[in-house]
Amino acid sequence: MIHFSLSSVLMTVLVSNLLLVLISLLFRNEDVLAKIGFRLTAIFCIITLIRLVLPLELPFAKTVILPKVLSDVLFIFRHRYNVCSWLRISVWDIFRLVWLVESIRRLTILFYSHRKANVLVRGNSRDVTDEEPYVSILMGLCTEKQRKRIRMRTTKFVNVPMITGLRNALILLPADIDSSNEDVMFALRHEVYHYVHHDLWLKFAVNCLSAIYWWNPFTHLLSKQIGILLEMRVDNSIVSEGEESTIRYLSSMLHYMEGDPERDDVSAQYMGMALKKKSNLLRRLHMIQNREQKRSHLLSAAMLLIVGSIYIGSYLFILENSTFEQGITESDRYTTPRDDDIFAIQNDDSTYTIYLPSLGINEIVDSLELYPQIKIYSNKEEYNEKIQNP
């Protein structure tokens, strides 16, 4: 049976954060990033995203018992305490509730902020969709059907070209930068590429995931890394046309970056695709400069093997706490107490209380999957009667 539990969330966080650390190391070393390429790095990010989306324990996972110190810590989180006569609750239950409420709040803020940013932009911008040279440039970049879903505006609200919107795209161009037709052409080409390849939907999904995993700072790092990789993909599609196109494109990039006074665009942090940081620009320039560099197949294969092994292995094993110390043995799928007097009592809330009288301990669990042969009683009186009259 597939489970969502503290153990499955713990395994997901450990594995995804480990993968994110590896990806971050690649971003810090631009030479290594150039040797393996942005495509393979993007695959690593996608694998990490999938792991975060599926924080589940699969039926074939082998249980690994944690050391006593860690088990005791997890026991504190999982054990349900009697708050009152009708309520038993654990720290894990409280955390799940807080997690859910805060996730809903952050998702609501994400949607609201995006809508508010769009309203702010539209009220402080000028529509140039039907003006030259914008209309002619756009006609050469996309189909008639795509053009109907794209609007262009100039505004002082942004410092660099960006695109926002999911179904209907809105390309924003800085109004206070004097740009040539060629600069505008490359800017629109860059943003249209994002729209045609559904990068805005991917960015939106990653932002939602960051809102759901709000308590894990590494997910926000993943969002930034994916944003850079999407920019690198657009860069690669343009500079692959030849040296002349590369030089003109780089000139256009630098032209718009000169007008960026090192401040973030308010709208860009919600839904837009834009280059906001000069440190990100340096990474992109380095990748463009080294795009002809020979890829290291050995390094790429080694990284793919490491990341793939970590991902697959994370579903083959599950970390479980044990409060029974030496009273535990491991099998391929179950953790089984050796003591004959262990038994379970089913509670009114569909949970079970596991009793081990010989050690004088008990624990409340959600499932008896780890105890396939345990004896179950409806209450302690039934157990006592069974002991007295075997």
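## Starting at a tryptophan

Trp215 has a relative accessibility of 23%, so this residue counts as partly exposed. The scale used here calls a residue buried under 20% relative accessible area, exposed over 50% and partly exposed in between, with a 1.4 Å probe and protein chains only. On that scale Phe95 is also partly exposed, because its relative accessible area is 28%.

A word on the model before going further: it is predicted, local features need pLDDT of at least 70, side-chain atom pairs count only at pLDDT 80 or more, and totals for chains, interfaces and linings use all residues. Residues are numbered from 1 along each chain as its sequence is written, and side-chain values use heavy atoms, leaving out hydrogens and water.

## The protein as a whole

The secondary structure comes to 13 helices and 14 strands. Helices (H or I, at least four residues) and strands (E, at least two) are DSSP runs, numbered from the N terminus. Of the 390 residues of the protein, 47% count as buried.

Contact here means heavy atoms within 4.5 Å. Among contacts with a separation of 6 or more, 71% are between residues 24 or more positions apart.

## Aromatic rings that meet

How many aromatic pairs does the structure hold? There are 9 aromatic pairs. Rings of Phe, Tyr and Trp (its six-membered ring) pair if their centres lie within 6.5 Å; planes under 30 degrees apart count as stacked, over 60 as edge-to-face and the rest as tilted. The rings of Phe95 and Trp215 are edge-to-face, because their planes stand at 70°, with the centres 5.6 Å apart. This pair links distant parts of the chain: Phe95 is in helix α4 (residues 91-123), while Trp215 is in the loop between α8 (199-212) and α9 (217-239), 120 residues apart.

Trp99 and Tyr213 make a tilted pair, at 5.7 Å centre to centre and 55° between the planes. Here too distant parts of the chain are linked, with Trp99 in helix α4 and Tyr213 in the loop between α8 and α9, 114 residues apart. Trp99 has a relative accessible area of 8%, so Trp99 is buried; Tyr213, at 3%, is buried as well. One aromatic cluster is formed by Trp92, Phe95, Trp99, Tyr213 and Trp215.

Helix α4 has 33 residues and reaches 47 Å from its first C-alpha to its last, close to the 48 Å expected at 1.5 Å a residue. The expected span is 1.5 Å times one less than the number of residues in the helix. Buried residues of α4 include Trp92, Trp99, Leu110, His114 and Val121.

Helix α8 has 14 residues and spans 20 Å from first C-alpha to last, close to the 20 Å expected. Is α8 enclosed or open? It is largely enclosed by the rest of the structure, because 10 of its 14 residues are buried. Among them are Leu200, Phe204, Val206 and Leu209. The cover over the buried residues of α8 includes α2 (30-53), α4, β6 (162-164), α7 (181-196) and α9.

## Strand β5 and its partners

Strand β5 (residues 150-155) is mostly covered, with 5 of its 6 residues buried. Two strands pair if DSSP finds at least two bridges between them. Strand β4 (residues 125-127) pairs with β5 in the antiparallel sense over 3 bridges, and Arg126 has Thr154 as its bridge partner in β5. Strand β7 (residues 169-174) and β5 pair in the parallel sense over 6 bridges, where the bridge partner of Met152 is Ile171.

Thr155 is also found in strand β5. At 2% relative accessibility, Thr155 counts as buried. Leaving aside neighbours within four places in sequence, Thr155 is in contact with Asn124, Ser125, Leu172, Leu173, Pro174 and Ala175.

Val192 lies in helix α7 and counts as buried, at 3% relative accessibility. Apart from neighbours within four places in sequence, Val192 is in contact with Leu138, Leu141, Cys142, Ile150 and Ile171. Val192 and Cys142 are 50 residues apart in sequence and 7.6 Å apart in space, C-alpha to C-alpha.
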